[in-house]
Amino acid sequence: MLSHSHIKQLASEVGFDLCGLAPCRHLSDNEAWFRFWLDHGYQSSLSYMEENTEKRFDPRKLVENAKTAVVCAVSYKSRISGGYPAGHRAKVASYACNRDYHKTLKKMLKDLTRRLKEAYPDLEGRAFVDTAPLSEKQLAVEAGLGWIGRQSLLVTPRLGTYVLLGELILCDEADRYDRPLEGVHCGACHRCVDACPNHAVLPERMIDTNRCISCHTIEREPRLEVDLHGWIFGCDMCQACCPYNRHTPLHRNPAFDPIIDPTLMSPDDWLAMTEEEFRERLGGSPMTRSGLERIQKNIKR
């Protein structure tokens with residue numbers, strides 16, 4: 001049987017800020033809500049969200065004999081997360097100013113797995129970072145890390161919303177599990193709803209990706225034309241206004257130090273950038289997902 005306290009200790013040692021454990025089960029209420037979101041077409045061009053729905057809300061369908069979900073979170077909050085000067089027209093979501101978090105988190109989870117197997121040689125399981133059909137935010141809720149805010153992001157009491165998640169789905173039970181947080185959570189606050197200039201943040205914690213700036217700057221573009229409001233990759237507007245982000249500390253893990261400061265770059269700087277310069281400066285960042293050509297196109301919109 002896995003030790004709850006030992007797993008949390010090891011997660012901290014490899015660089016995670018938060019860690020919680022939840023039993024693997026079918027998250028039926030969340031699946032019903034997700035299907036409602038799909039039925040209303042709020043996924044727009046994100047057609048991959050329509051796949052593997054039956055697996056998304058039950059880790060046991062992704063990992064045979066899954067018993068325990070270890071959900072880890074790390075802060076990436078930097079000075080850039082605080083927002084841009086008024087009128088800035090080349091804004092980048094703060095997570096994208098760092099090295100690709102997929103690679104960083106996978107390395108951390110691999111280290112955590114190695115340490116766990118030293119204590120439990122027969123332990124089996126898999127690591128996940130964002131790309132698999134796994135409802136990681138809801139698993140984080142189950143593991144007591146926070147709750148789903150109105151902007152559909154995980155809100156953690158200590159670190160706010162500027163966190164990245166990684167999971168281990170393990171085939172053994174733990175001696176105890178964490179429980180979802182109780183309380184009013186977002187209460188009557190609607191700041192993220194009001195802050196979205198394109199009205200993409202819907203009531204009841206849903207996002208209409210047809211209108212979402214982040215979707216329009218990164219993913220295959222929805223048919224609906226929207227104003228990007230100066231964002232060229234991603235968008236932080238529904239996070240920057242959240243009261244839970246106001247007094248949270250900056251990240252402590254140096255792996256999430258920004259490798260670029262977009263507050264110092266004008267649209268002309270981006271338009272003058274060559275593919276070679278882009279690869280040299282940003283080749284290890286999430287911005288490679290869209291590429292320089294798409295970024296420059298976003299500037300011209």
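This report walks through the overall build of the protein and then turns to its aromatic ring pairs.

The structure is a predicted model, in which local features need pLDDT of at least 70 and side-chain atom pairs count only at pLDDT 80 or more, while totals for chains, interfaces and linings use all residues. Residues are numbered from 1 along each chain as its sequence is written, and side-chain values use heavy atoms, with hydrogens and water left out.

## The whole protein

Let us start with the fold. The protein has 11 helices and 10 strands; these are DSSP runs numbered from the N terminus, with helices (H or I) of at least four residues and strands (E) of at least two. Its radius of gyration is 19 Å, close to the 19 Å that the globule rule gives for 301 residues, so the protein is as compact as a globular protein of that length. That radius is taken over C-alpha atoms, and the rule is 2.2 Å times the number of residues to the power 0.38. Along the principal axes, the C-alpha atoms fill a box of roughly 60 × 40 × 35 Å.

How much of the protein counts as buried? The share is 54% of the 301 residues, where buried means under 20% relative accessible area, exposed over 50% and partly exposed in between (1.4 Å probe, protein chains only). Among contacts (heavy atoms within 4.5 Å) with a separation of 6 or more, 75% are between residues 24 or more positions apart.

## Aromatic pairs

Rings of Phe, Tyr and Trp (its six-membered ring) pair if their centres lie within 6.5 Å; planes under 30 degrees apart count as stacked, over 60 as edge-to-face and the rest as tilted.

| Pair | Centre to centre | Angle between planes | Kind |
|---|---|---|---|
| Phe 34 and Phe 57 | 5.3 Å | 55 degrees | tilted |
| Tyr 84 and Trp 231 | 5.7 Å | 85 degrees | edge-to-face |

The Phe pair links distant parts of the chain, 23 residues apart: Phe 34 sits in helix H2 (residues 28-39), and Phe 57 in the loop between helix H3 (53-56) and strand E2 (68-75). Both Phe 34 and Phe 57 are buried. Ring pairs also join Phe 34, Trp 37 and Phe 57 into a cluster.

Where do Tyr 84 and Trp 231 lie in the chain? Tyr 84 is in the loop between E2 and strand E3 (91-92), and Trp 231 is in strand E10 (residues 231-233), 147 residues apart. Tyr 84 is buried, with a relative accessible area of 15%, and Trp 231 is buried at 5%.
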